[in-house]
Amino acid sequence: MVLTILGALLIGLSLGLLGSGGSILTVPVLVYLVGESGKAAIVESLAIVGLIALVGAIPYLKKRCIDGRAVLFFGGPGLLGTSLGTLLSHGMPAALQLLIFAVVMLVAAVRMFQPMSEQATHRTRPWWQVALAGLGVGVLTGVVGVGGGFLILPALVLLLGLSMARAVGTSLVIIALNSALGFVLHTAGHDTVLHWPVIGLIAAIGILGSLLGARLSGFFSPLMLRRSFAGFLVLLGSYILITSLPHALSGAAHSAAAVPASPTVKLP
């Protein structure tokens with residue numbers, strides 16, 4: 001229980017300090033610290049991430065620091081992508097989902113090693129590029145249960161020219177919408193056993209951690225924080241990759257062996 005609380009606190013702190021990245025820790029916390037199955041962890045992660053993002057977005061809504069255009073052009077396709085990703089995930093073994101998740105973590109680490117700048121602010125891209133990026137983030141949300149803030153933030157800055165403050169607030173709204181839809185689609189008509197006390201505990205501690213992280217963020221260098229967190233993601237992502245790869249490969253081999261051979265046609 002102590003490790004679970006510490007993991008939930010780390011989720012919130014990373015969100016408060018970095019503005020993204022915390023949701024990518026939720027599935028590992030649920031799998032390796034709580035002991036949930038891969039499938040259940042992905043669904044529960046969507047509930048936890050959605051709740052934390054929703055509460056985190058409230059101050060930005062009060063300050064009118066949400067870009068409605070970005071929610072429409074990026075978040076709209078993101079909802080479609082979440083639907084597609086959820087449908088894809090239903091036919092995937094949990095080991096394959098965790099393998100994809102590990103790759104996503106390593107990609108996130110690469111992104112976080114690079115400094116976020118606002119040099120591209122006020123230079124927007126065509127709407128179809130924005131929609132395509134939103135669609136891709138949504139698919140990831142549906143398949144592996146991540147909010148995708150590490151992808152949404154740079155996309156909003158680079159593609160739509162938002163300032164960092166508006167990008168963070170808008171990102172939280174999009175994450176909340178994607179997570180909510182993914183959770184509904186994963187649970188509708190499926191007998192997934194969810195542990196609501198765990199969801200409530202981690203979400204509550206994560207919210208408190210995000211508020212604490214927001215207050216502490218001014219005392220640290222953003223670049224140092226991002227690179228430290230990126231190094232942690234490399235270690236954790238590599239561990240998940242190493243442990244899930246054999247299960248994913250054995251599952252694929254089992255599926256291939258289960259496919260009946262085509263009957264041989266004898267010619268007269």
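Predicted model: local features only at pLDDT ≥ 70, side-chain atom pairs only at ≥ 80, totals over all residues.

My entries below cover a helix, a single residue and a pair of helices.

Entry one. I began with helix α2, which spans residues 26-34. I looked up burial there and found Thr 26, Val 27, Pro 28, Val 29, Leu 30 and Val 31 buried. Then I checked the backbone just past α2: Gly 35 has a positive phi of about 95 degrees.

Entry two. Next I picked Ile 42, which sits in helix α3, residues 38-62. Is Ile 42 buried or exposed? Its relative accessibility comes out at 3%, so I put Ile 42 down as buried, the cut-off being under 20%. Leaving out residues up to four places away in sequence, I listed what Ile 42 touches: Val 27, Gln 97, Val 143, Val 144, Gly 145 and His 186. Val 27 is one of the buried α2 residues I had already noted.

Which angle do α5 and α6 make? Helix α5 (residues 94-113) packs on helix α6 (residues 127-144) at about 135 degrees, and the axes are 10 Å apart. I logged α5 as oblique to α6 because of that angle. The crossing of α5 past α6 is left-handed. From α5, the contact uses Gln 97, Ile 100, Phe 101 and Val 104; from α6, Leu 140, Val 143 and Val 144. Sorted by class, I get six nonpolar residues, one polar and no charged ones. Gln 97, Val 143 and Val 144 of this contact also turned up in my list for Ile 42.

How values were computed:
Residues numbered from 1 in each chain as written. Heavy atoms only, no water. Buried < 20%, exposed > 50% of the residue type's maximum accessible area, 1.4 Å probe, protein only. Helix = DSSP H or I, 4+ residues; strand = E, 2+ residues; numbered from the N terminus. Contact = heavy atoms within 4.5 Å. Axes fitted to C-alpha atoms, helices over the stretch in contact; angles between N-to-C directions. Parallel < 35°, antiparallel > 145°, perpendicular 65-115°, else oblique. Left-handed = near helix turned anticlockwise from the far one by under 90°. Nonpolar A, V, L, I, M, F, W, Y, C, P; charged D, E, K, R; others polar.
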